[in-house]
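Thanks for coming. I will take a few minutes on one structure, which is on the screen now.

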Amino acid sequence: MPRRLRSLAVFACLAIVPLAPVWAQAPNEPALAAFGGFEGLARITNDFVGRVQKNPRIGSFFKDADTERLQAMLADQFCDVLGGGCKYSGKSMRKIHEGMKVTTADFNALAEELQNALDAAAVPSSQQNRLIAALAPMRRDVVQP
């Protein structure tokens, strides 16, 4: 999938209203190996959150977020969709993004930052695509008319 199309699929992963993570069991490290295990995935998530908070196009969505909790929830959500043994316990994407007026341009900016964080961590393209494909169905609940 071309980078631009992958970018469009990723924004849905955001949990703007952070909650505390809950793990169903110990992380399944083989499922997360390409991401550096759960610890590597957490580092990627932390980098990603820092990038979006600094991005002038979308940083305002995160101005009131509890950064530490947001990082934890996203790591938990990414681990969950990758089959890494974690259980995302946050609100639905539709509920979290309700009334936020997230546009396709906002979605693209966030998706680009996720790809930048994955690239910086040297995650292979095939594994980036695996994560993006798992997150893609959430897009319709984030970008709303």
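First, the ground rules. This is a predicted model, in which local features need pLDDT of at least 70 and side-chain atom pairs count only at pLDDT 80 or more, while totals for chains, interfaces and linings use all residues. Residues are numbered from 1 along each chain as its sequence is written, and side-chain values use heavy atoms, with hydrogens and water left out.

The protein chain has 8 helices and 0 strands; helices here are DSSP runs of H or I with at least four residues, strands are runs of E with at least two, and both are numbered from the N terminus. Of its 145 residues, 48% count as buried, meaning under 20% relative accessible area with a 1.4 Å probe, protein chains only, where exposed is over 50% and partly exposed is in between. Take the contacts in the chain with a separation of 6 or more: 83% of them come from residues 24 or more positions apart. Contact means heavy atoms within 4.5 Å.

Now the helix pair. How do α3 and α6 pack? Helix α3, residues 37–54, meets helix α6, residues 104–120, at an angle of about 140°, and their axes are 9 Å apart. The axes are lines fitted to C-alpha atoms over the stretch in contact, and angles run from 0 to 180 degrees between N-to-C directions. That makes α3 oblique to α6, since under 35 degrees counts as roughly parallel, over 145 as roughly antiparallel, 65 to 115 as roughly perpendicular and the rest as oblique. On the α3 side the contact is made by I44, D47, F48, R51 and V52; on the α6 side, by L110, E113, L114, N116, A117, L118 and A120.

Is E113 buried or exposed? With 11% relative accessibility, E113 is buried. Leaving aside residues up to four places away in sequence, E113 touches F48, R51, V52 and N55. E113 and R51 are 62 residues apart along the chain, and their C-alpha atoms are separated by 6.2 Å.

Last, the disulfide. The structure holds 1 disulfide, a term that needs a pair of cysteine sulfur atoms within 2.5 Å. The partners are C79 and C86, with sulfur atoms 2.2 Å apart. The torsion about their S-S bond is about 70°, so the disulfide is right-handed. Both C79 and C86 are buried.
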